[in-house]
Every structure is written in structure tokens, then in C-alpha cells.
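Good morning, colleagues. Please take a moment to look at the sequence and the structure on the screen.

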Amino acid sequence: MQHRISSTIISGFLGSGKTTLLNWILNADHGVKVAVIVNEFGQVGIDGSRLKGASQFVELDNGCLCCAINDDLQKTLLQLKKEATFEHLVIETTGIADPLPVAWTLTKPGISEHYTIETILTVVDALNLEQALQTSNEAALQIERADLLALNKIDLATKHLDDIHQHIRTLNAHAPIINTAHGKIDWSYIFNDTHAAKLLEEPKKTHHHTAFEAWTFQSHLLFDEMLLEDLLYGLPEYIYRVKGIVHLDSEMGWADVNTVAGRIDVQQSHTPQPPQESTLVFIGTKLEIEELQSLCQKILLKASH
């Protein structure tokens, strides 16, 4: 099985700031080769002179790729994977769309072999939240579906941020909320934890400091498959992401683990050379290391009996 590209779906109501966030991703020097599927090229500030012939793919100066959605997202995804090399995929949904159908597309046979869903990120307009919710049912769905919420335009908000957070929590009680202005959020919220871990170690080039901490658990012992599932489904609220490769006491053997804000993906690993020991990386805020250590050890103790 080939390496799958991690994907971020960006959702948000009309005028929330999705395009601003996309431009931030496409034009910054973050060192990750990103492919972005957008609805219209013009919205992300690409000069029309850069559109060569009938090609729907444009490579930017920093190595990022931009691709316009055609009528068939599935076809676009396959064509993009065939024609280009990149490390992370970002898909923008329209301002009046439920992001779930896009997520479903990424799980279809023929597509799921190439892509995996990392995060559904919804941009929320702090200034016009109530108006958006009154205007369209999709505005509420976009918040409900999210694994991560970017509360944008906080510099313009007229209500207290705590009140806005409470309003959001009536629709989505669990997704982390990032306060931001002008769509500028830390890269570790966008990219998978391999890139995030690298970015956490590097000196920050902007004043936006990451809220994430990382802790790694490793062991030579087998993991009890059922107890691992119990752990992943019952993670403490401060954990946002778990990723790694573990040796299970089942027919699956070595397995790739990827959990993002409640979405769990455990699949048999096809790594040619398995590692010497199992590794799980936990990423979140204000990590309780002793609790995480205890949770992991309980799995190993029972698995080794």
C-alpha cells in the first residue's frame, strides 16, 4: 500500500475568511509542498497570466500547487495525484456547503488509497456569527462537522470572545477553537504531526505561537488491539491528535494509527521495514504526561500477560 497524503478540508460560511486563510497557506514560506483545491482561481489571487492553456494546475513560486475544482471532485483528486508530487492536500468547500460530502469523497474506494482526512477546519466569522446562523442552516452544519474551529476577525468582534465561544459550544462542544485575525494560524494546526513536530522545534518566524505540546510513548511490548481502541475512543479532552505505528497482538500485526479530534483511523501498516519498537505521538494542549503514561502502560501490561 502506498503512502497516503494527509488532507485538510477548510469550511466556513460566506465571508468568514477562508480565502484569506488559503492565501496565507499558499504564499507563506512554511517549507511544506501543499496542493490546494479551490473553487475559483481568481479568489486566491493567482495572476491570470499564470494559467497556462487549459491546464487546471498552477505551481506557485514557493512550490505550492493550486488546482481548480471541476464538476467532479473525485476526478480532480485522482488527476492531481497523477500529475503532481506534494506533501499535504487542502480542499476548500464553498461558503454554503456542508463539508461532510467532501469528506465522504476522500473515503471512497480508489480515493482512500491515496488520501487520508487529517482535519475538517471550519473558519467562523466572529463579527457576523449570529447573522450567518440565521441566514443558512449550512452555517451551523459547518461548525458541527468541524474537528478544529478558527474563530476569525477577532480584531473586529463587537461581542466578548467568551460569549462567542459559548455560542459556538452549543453547536460543537469538543473541537478546539483558535482565536485569530486575518486567517493567520500556526502551521501545526494545518499540517500533519510529522510536519508539526518539525515546526515546533524550529524558531518561530511569526509572533503566532503554537498551542500544541507533543509527548511520545514507545515500547517493545505488544499492544492489545481492543484496549488500544478503548484508549483512542476515550482520549482526554486535551489531546487533539495521536499518530504513530504500533505492533498489535492480532492478525493485523503492525498498524498505522492516526486520530484527529475524535476521528480514528487504525489500518494495517505496509511499511517495508517495521521499526524496532512501537511509537505513539500525542499532541495537544497542557498535556498530563503521568496520565498518558498510565493509560499506555495499562494496555501493555494486559497485552503482555
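What we have here is a predicted model.

Next, Lys 153 forms a salt bridge with Asp 125, with 3.1 Å between the closest N and O atoms. Lys 153 sits in the loop between β7 and α6, whereas Asp 125 is in strand β6, 28 residues away. Asp 125 counts as buried because its relative accessibility is 8%, and the cut-off is under 20%.

Glu 130 and Lys 159 also meet in a salt bridge, at 3.0 Å from N to O. Glu 130 lies in helix α4 and Lys 159 in the loop between β7 and α6, so the pair ties together parts 29 residues apart in sequence. Glu 130 is partly exposed at 37% relative accessibility, and Lys 159 is partly exposed at 39%.

I now turn to helix α8, residues 225-233, where Leu 228, Leu 231 and Leu 232 are buried. Seen down the axis of α8, the buried residues fall within an arc of 95 degrees, so they line one face of the helix. On the other side of α8, Met 226, Asp 230 and Tyr 233 are exposed. Asp 224 caps the N-terminal end of α8, with a side-chain oxygen 3.0 Å from the backbone nitrogen of Met 226.

Conventions:
Residues are numbered from 1 along each chain as its sequence is written. This is a predicted model: local features need pLDDT of at least 70, side-chain atom pairs count only at pLDDT 80 or more; totals for chains, interfaces and linings use all residues. Side-chain values use heavy atoms; hydrogens and water are left out. Buried means under 20% relative accessible area, exposed over 50%, partly exposed in between (1.4 Å probe, protein chains only). Helices (H or I, at least four residues) and strands (E, at least two) are DSSP runs, numbered from the N terminus. The arc is that of the directions from the helix axis to the C-beta atoms. A polar contact is a pair of N or O atoms within 3.5 Å; within protein, one must be able to donate a hydrogen and the other to accept it, and residues adjacent in sequence count only if both atoms are side-chain atoms. A salt bridge is a side-chain nitrogen of Lys or Arg within 4 Å of a carboxyl oxygen of Asp or Glu.
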